[in-house]
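Student: I would like to go through this structure step by step. Could we take it as questions and answers?

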Amino acid sequence: MSDYDPNNIFARILRKEIPCKKVFEDDHVLAFHDINPQAPIHVLVIPKGAYVSLDDFSARASDAEIAALMRAVATIARQLGIDDSGYRFLANNGANAHQEVPHLHIHLFGGRQLGPMLKR
Ligand code: 5GP
């Protein structure tokens, strides 16, 4: 995956063409509540740069962008008070993982027992 679609939904959120419920923002990262939450806390953490996937991000992003994304996940978890109880962060990457939005995003889930990692 490499061709970035500038009209994907998260690109439009970044351009403020459509609203989001923001929980965190810095120079490199935006995070907002998922529109269809799968847990009491379900936040999407995205780089501001135009990256389709982790493959794309790891190849083209700066060290500062990569560090900011990972640091943001933990910062948001603390901010939302789920650092002690625990949480899950994951990114669906590509077709086999059912990635729906072609802009890299990390899901952050918390607020309840999350169960097994994968459907069996
Ligand atoms: P994926 O399946 O690509 O890993 O996850 C895409 C996520 O984006 C889904 O959890 C879906 O609910 C969320 N999503 C799709 N469209 C919107 C939107 O317009 N706003 C927000 N906040 N989340 C969205």
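**The ligand and its surroundings**

Tutor: This is a predicted model. In it, a polar backbone atom of Val-101 lies 3.1 Å from an oxygen atom of the ligand. Taken alone, the ligand exposes 520 Å², and the protein buries 84% of that.

Student: How far is a backbone N or O atom of His-98 from an oxygen atom of the ligand?

Tutor: The cut-off for a polar contact is again 3.5 Å. For His-98, the pair is a backbone N or O atom and an oxygen atom of the ligand, and their distance is 3.3 Å.

Student: Which residues come nearest to the ligand, of the 17 around it?

Tutor: The space taken by the ligand is the largest pocket. There are 17 residues around the ligand. Those that come nearest are Asp-34, Asn-92, Glu-100, His-105 and His-107.

Student: Which element gives the largest share of the shell around the ligand?

Tutor: Helix H1 (9-14), strand S2 (29-33) and strand S3 (41-47) each supply at least two residues of that shell. The largest share is three residues. The element that supplies this share is H1.

**His-103**

Student: Is His-103 buried or exposed?

Tutor: His-103 lies in the loop between strand S4 (87-90) and strand S5 (106-110). A residue counts as buried under 20% relative accessible area. The value for His-103 is 0%, so His-103 is buried.

Student: Which side chain makes a polar contact with the side chain of His-103?

Tutor: His-103 touches a number of residues beyond four places away in sequence, including Asn-8, Phe-10, Leu-14 and Tyr-51. For the polar contact, the distance between the two side chains is 2.6 Å. The partner is Tyr-4.

Student: Which residue has a backbone oxygen that the side chain of His-103 reaches?

Tutor: The residues that His-103 touches include Ile-46, Pro-47 and Gly-49. The side chain reaches a backbone oxygen at 2.8 Å. That oxygen belongs to Pro-47.

Student: What is the phi of Lys-16 near, in degrees?

Tutor: Most residues other than glycine have a negative phi. Lys-16 is found in the loop between H1 and strand S1 (22-25). At 67% relative accessibility, Lys-16 is exposed. Its phi is positive, near 65 degrees.

Student: What is the phi of His-98 near, in degrees?

Tutor: His-98 is found in the loop between S4 and S5. With a relative accessible area of 62%, His-98 is exposed. The phi of His-98 is positive although the residue is not glycine, and the value is near 60 degrees.

**Places along the chain**

Student: How far apart are the C-alpha atoms of Ser-62 and Glu-100?

Tutor: Ser-62 lies in the loop between helix H2 (54-60) and helix H3 (63-79), and is partly exposed at 32%. Ser-62 and Glu-100 are 38 residues apart along the chain. Their C-alpha atoms are separated by 25 Å.

Student: How far apart are the C-alpha atoms of Ala-64 and Asp-27?

Tutor: Ala-64 is in helix H3 and counts as partly exposed, at 43% relative accessibility. Along the chain, Ala-64 and Asp-27 are 37 residues apart. Between their C-alpha atoms the separation is 9.9 Å.

Student: Which residue has its backbone oxygen 2.7 Å from a polar atom of the side chain of Arg-112?

Tutor: Arg-112 is in the segment after S5 and is partly exposed, with 44% relative accessibility. Not counting residues up to four places away in sequence, Arg-112 touches Gln-38, Ala-39 and Pro-40. The backbone oxygen at 2.7 Å is that of Gln-38.

Student: How far apart are the C-alpha atoms of Arg-112 and Gly-86?

Tutor: Arg-112 and Gly-86 are 26 residues apart along the chain. The separation of their C-alpha atoms is 8.8 Å.

Conventions
Residues are numbered from 1 along each chain as its sequence is written. This is a predicted model: local features need pLDDT of at least 70, side-chain atom pairs count only at pLDDT 80 or more; totals for chains, interfaces and linings use all residues. Side-chain values use heavy atoms; hydrogens and water are left out. Helices (H or I, at least four residues) and strands (E, at least two) are DSSP runs, numbered from the N terminus. Buried means under 20% relative accessible area, exposed over 50%, partly exposed in between (1.4 Å probe, protein chains only). A polar contact is a pair of N or O atoms within 3.5 Å; within protein, one must be able to donate a hydrogen and the other to accept it, and residues adjacent in sequence count only if both atoms are side-chain atoms. Contact means heavy atoms within 4.5 Å. A residue is near a molecule or strand if one of its heavy atoms lies within 4 Å of it. Accessible areas come from the Shrake-Rupley method with a 1.4 Å probe; for residues, only the protein chains shown count as cover. On a 1 Å grid over the protein atoms alone, a cavity is a set of points where a 1.4 Å probe fits but cannot get out, and a pocket is an open set with protein on both sides within 12 Å along at least five of seven lines; lining residues have an atom within 4 Å of a point. A molecule sits in a cavity or pocket if more than half of its atoms lie within 2 Å of its grid points.
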